[in-house]
Amino acid sequence: MTKTVPVREHDVKDELAAPGFPILARALAEVSRNFYDRGWVMGTSGNFSAVVSRDPLRLAITSTGADKGLLSVEQIVQIDPAGKTIEGSRRPSDEARLHLAIVRKRGAGAVLHTHSIWATLLSEIFAKEGGIDLEGYEMLKGLARVRTHAHKEWIPLIENAQDVAVLSRSVEDTLEQHPNCHGFLIRRHGLYTWGQDLVEAKRHVEILEFLFEVVGRTMSASAKGL
Ligand SMILES: [Zn+2]
C-alpha cells in the first residue's frame with residue numbers, strides 16, 4: 001500500500017494564505033478588466049494593489065499609465081515600502097504612496113481605487129459636508145463587520161491634490177480621524193477602499209459603488225419630483 005503524505009494539502013493552504021506575486025498579479029489584472037467593464041476605471045484611471053508579504057513589506061501594484069480594460073500581468077509590478085519597483089520593469093502607479101499608507105494604517109491586504117461617474121459626482125455634491133452618510137441600506141451588510149442595515153457608514157471626503165506627498169498626508173489624517181470607515185472619496189476624483197484580502201476589497205468596491213449610485217439616483221429622482 002502506498003503511503004500518502006499530506007504535503008500537497010499544506011502547500012495549497014499555504015498558497016491560499018500567502019498567494020505570492022504571480023497569483024496576485026493575475027488576480028489584480030482580472031479585477032481591473034472586470035471593473036473596466038462596469039465603467040468604474042475608464043482609460044488609465046484607477047489603480048489596484050495587494051500585499052505580497054508584510055515583513056518585509058511588498059506590494060503588487062498596477063504600473064502607471066496602464067489601460068485598465070486591457071491590463072495584463074506584465075503591467076503589475078512589485079514594490080518595496082519606499083514605492084520602488086523591485087520586480088517588473090515598469091514604474092508603479094503615481095498613487096502607490098497612498099496604497100502604502102492605507103496598508104500601514106489599516107493593515108489592509110488589498111487596496112482598490114476607482115474613478116466612477118457616481119463617486120466623482122457625489123464627491124462634488126457633498127464637498128461642503130466633508131463626507132457622505134450611508135445609512136439604512138441592506139447592502140451595507142456587505143462591508144466587513146457590519147451586521148445590520150441600520151449601520152451608519154461615514155465616507156469621508158478629502159480634497160484632491162496633484163502632489164502625492166500632500167495627498168498622502170491627507171489620507172493618513174483622514175484614516176486616523178475616521179478609524180471605522182471602510183473607504184474614502186477624493187473630491188472630483190474617486191473612491192479608495194480596501195479589505196483584508198483582494199476578495200474583500202473587491203466586495204467593498206461593489207457595495208460602495210452600488211450605494212453611491214443609489215444615493216445619486218435618489219437625489220436625481222427627488223429633484224424631478226419622482
Ligand atoms: Zn486616481
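Visitor: What should I keep in mind about the model and its numbering?

Guide: This is a predicted model, in which local features need pLDDT of at least 70 and side-chain atom pairs count only at pLDDT 80 or more, while totals for chains, interfaces and linings use all residues. Residues are numbered from 1 along each chain as its sequence is written.

Visitor: Why are helix 4 and helix 6 called oblique to each other?

Guide: Helix 4 (residues 117-125) and helix 6 (residues 198-223) pack at an angle of about 55 degrees, with axes 9 Å apart. Angles under 35 degrees count as roughly parallel, over 145 as roughly antiparallel, 65 to 115 as roughly perpendicular and the rest as oblique, and the pair is therefore oblique. The axes are lines fitted to C-alpha atoms over the stretch in contact, with angles running from 0 to 180 degrees between N-to-C directions, and helices are DSSP runs (H or I, at least four residues), whereas strands are E runs of at least two, both numbered from the N terminus.

Visitor: Which residues make the contact of helix 4 with helix 6, and how do they divide by class?

Guide: Trp118, Ala119, Leu121 and Leu122 in helix 4 meet Glu209, Phe212, Glu213, Val215 and Gly216 in helix 6, where contact requires C-beta atoms, placed from the backbone, to lie within 7 Å. By class, this contact has 6 nonpolar, 1 polar and 2 charged residues, with Ala, Val, Leu, Ile, Met, Phe, Trp, Tyr, Cys and Pro counted as nonpolar, Asp, Glu, Lys and Arg as charged, and the others, Gly among them, as polar.

Visitor: What makes helix 3 and helix 5 roughly parallel?

Guide: The axes of helix 3 (residues 96-106) and helix 5 (residues 164-177) come within 9 Å and cross at roughly 20 degrees, and on the angle scale already given these two helices are therefore roughly parallel to each other. Their contact includes Ala101 and Ile102 of helix 3 and Leu167 and Val171 of helix 5, and its residues divide into 7 nonpolar, 1 polar and 4 charged.

Visitor: How do you know that Lys68 is buried?

Guide: A residue is buried if 20 or more other C-beta atoms lie within 10 Å of its own, exposed if 12 or fewer, and partly exposed in between; Lys68, with 26 C-beta neighbours inside 10 Å, therefore counts as buried. Lys68 lies in the loop between strand 2 and strand 3 (76-79), and, not counting residues up to four places away in sequence, Lys68 touches Ser32, Phe35, Tyr36, Val41, Thr44, Ser45 and Gly46.

Visitor: Why is Arg145 called exposed, and what is Arg188 called?

Guide: Arg145 is called exposed because 7 other C-beta atoms lie within 10 Å, whereas Arg188, with 14, is partly exposed. Arg145 lies in the loop between strand 6 (131-135) and strand 7 (152-158), and Arg188 in the loop between strand 8 (183-186) and strand 9 (190-195).

Visitor: What makes the backbone at Arg145 and at Arg188 worth a remark?

Guide: Most residues other than glycine have a negative phi, and most peptide bonds are trans. Phi of Arg145, however, is near 70 degrees, a positive value, and Arg188 has a positive phi of about 55 degrees although it is not a glycine. A cis peptide bond, with omega about 5 degrees, joins Asp55 and Pro56, and Pro56 has its place in the loop between strand 1 (47-54) and strand 2 (57-62).

Key. Two residues are in contact if their C-beta atoms, placed from the backbone, lie within 7 Å.
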